[in-house]
Amino acid sequence: MIEDLLSLTSQALVAMIPLLLASVGEIVTERSGVVNIGLEGILILSAFVSSLVTFSTNDPYLGLLAGALSGLSAGLLHGFISVYLRGDQIIAGVGFNTFAYGISILGLINTWGHHGASPMVSKIPFFGAPLYISPLLPIALIIAIICWFWLFRTSSGLRLRACGEDPRAAEAMGVNVLRTRFLATLLGATLTGIGGAYIVVGWIGQFTRHISAGRGFIALAIVALSGWNPALSIAGSFIFGFFDAISLYLPVKIQLINPGLNLTSLSYIFRIIPYLGVLIIVSSLFRRGRAPRDLGRPYIKE
């Protein structure tokens, strides 16, 4: 029983990392007044780029860096469209999700000649038996705490939050609203890019066409569930990571108890557990937090 609990906890800690990085990044972005629902696309694109770089160099750390840079590039695109061109932020995010999925599948076929998955690549090793923790876990936790401290305990964080609450008042205080929103979008997308790269070089070890599996949208749910608070997103990410771990653990455990039982046709039923958990928690435990007042509205400087 203890071994099972340790195994579930270990898997939950592994699964929570991309959710935590993406949700913390999106909290920073939304606190500035910009919404980016293209997290799913950033996870997919950064995962593909990291797998390609890691396959070419056999260095997972370069793959992680490449994923971060692809996230940064996505942030540049979304920030430019949303902040400076004053485009519809929802449409821009949906469009990027579609683009990222299509370009990654095209790259998968043209690079490796496969429609489903890339070859296995080198991974960043775990440490700390018996839990076997990824080195990115403490880094992600530190990033979440630093972002919380920055947003709520520093003057620069106050200026960023002012851009999401009342950009005209922020401008009257001398804040460059457009630049602040643009930089916040870059930071959020970069963190999400690291999360996408981690899925390949820190967890699965290869790129698959459905590798993000809705984690970008789960990260958006964590943003709202945490009340736009990076510290509380740690708990939300672990909860959803735990649901993910259960969905992988249950079929294996049932198969060990009853080897004659064929669970192949039931595998997709187990995989709905994380998404079912999202619906249950958000609908039953979510206390409606107040989103930044100017969230999603383009700022037109007078």
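Modeller: A residue is called buried when its relative accessible area is under 20%. Please bear in mind throughout that this is a predicted model.

Colleague: By that criterion, what percentage of the 302 residues in the protein is buried?

Modeller: The criterion is a relative accessible area under 20%. Applied to the 302 residues of the protein, it gives a buried share of 49%.

Colleague: How many helices and how many strands make up the secondary structure?

Modeller: Read along the sequence, the pattern is α-α-α-α-α-α-α-α-α-α-α-α. The count is therefore zero strands and 12 helices.

Colleague: What radius of gyration does the protein have, and how does the value stand against that of a compact globule?

Modeller: The C-alpha trace spans about 70 × 45 × 35 Å along its principal axes. For 302 residues, a compact globule would have a radius of gyration near 19 Å. The value for the protein agrees with this, at 20 Å.

Colleague: What share of the contacts with a separation of 6 or more joins residues 24 or more positions apart?

Modeller: A contact here means heavy atoms within 4.5 Å. Among the contacts in the protein with a separation of 6 or more, those between residues 24 or more positions apart account for 81%.

Colleague: Is Thr192 buried or exposed?

Modeller: Thr192 is found in helix α8. Beyond its neighbours within four places in sequence, Thr192 is in contact with Leu21, Ala22, Leu39, Ile42, Leu43 and Ser46. Its relative accessibility is 0%, so Thr192 counts as buried.

Colleague: Which elements are included in the cover over the buried residues of α6?

Modeller: The buried residues of α6 are Gly157, Leu160, Ala162, Cys163, Gly164 and Glu165. Their cover includes α1, α5 (136–153), α7 (167–172) and α8.

Colleague: Let us turn to the open spaces. Which helix gives the most to the lining of the largest pocket?

Modeller: The largest pocket holds about 220 Å³ of space. Its lining consists of Ala213, Ser247, Leu248, Pro251, Ser267, Tyr268, Phe270, Arg271, Ile272 and Tyr275. Two helices, α10 (230–257) and α11 (267–271), each supply at least two of the lining residues. With four residues, the helix that gives the most is α11.

Colleague: Which element provides the largest share of the lining of the second largest pocket?

Modeller: About 170 Å³ of space lies in the second largest pocket. Trp150, Ser156, Arg159, Leu160, Val175, Thr180, Leu183, Ala184 and Leu187 form the lining. Two or more of these residues come from each of α6 (155–165) and α8 (177–204). The largest share, four residues, belongs to α8.

Colleague: Which element gives the largest share of the lining of the largest cavity?

Modeller: The largest cavity contains about 70 Å³ of space. Its lining is made of Ala15, Leu19, Ala213, Arg215, Ile218, Phe240, Gly241, Asp244, Arg271, Pro274 and Tyr275. The elements giving two or more of these are α1 (2–31), α9 (215–225), α10 and α12 (273–284). The largest share, three residues, comes from α10.

Colleague: Finally, which elements each supply at least two residues to the lining of the second largest cavity?

Modeller: The second largest cavity has a volume of about 30 Å³. Val34, Ser82, Val83, Leu178, Arg181, Pro298 and Tyr299 line this cavity. By class, these are five nonpolar, one polar and one charged. The elements that each supply at least two are α3 (60–84) and α8.

Technical notes: Residues are numbered from 1 along each chain as its sequence is written. This is a predicted model: local features need pLDDT of at least 70, side-chain atom pairs count only at pLDDT 80 or more; totals for chains, interfaces and linings use all residues. Side-chain values use heavy atoms; hydrogens and water are left out. On a 1 Å grid over the protein atoms alone, a cavity is a set of points where a 1.4 Å probe fits but cannot get out, and a pocket is an open set with protein on both sides within 12 Å along at least five of seven lines; lining residues have an atom within 4 Å of a point. Grid points are joined across faces, edges and corners, and a volume is the space filled by probe spheres set on the points. Ala, Val, Leu, Ile, Met, Phe, Trp, Tyr, Cys and Pro count as nonpolar, Asp, Glu, Lys and Arg as charged, and the others, Gly among them, as polar. Buried means under 20% relative accessible area, exposed over 50%, partly exposed in between (1.4 Å probe, protein chains only). The radius of gyration is taken over C-alpha atoms; the globule rule is 2.2 Å times the number of residues to the power 0.38.
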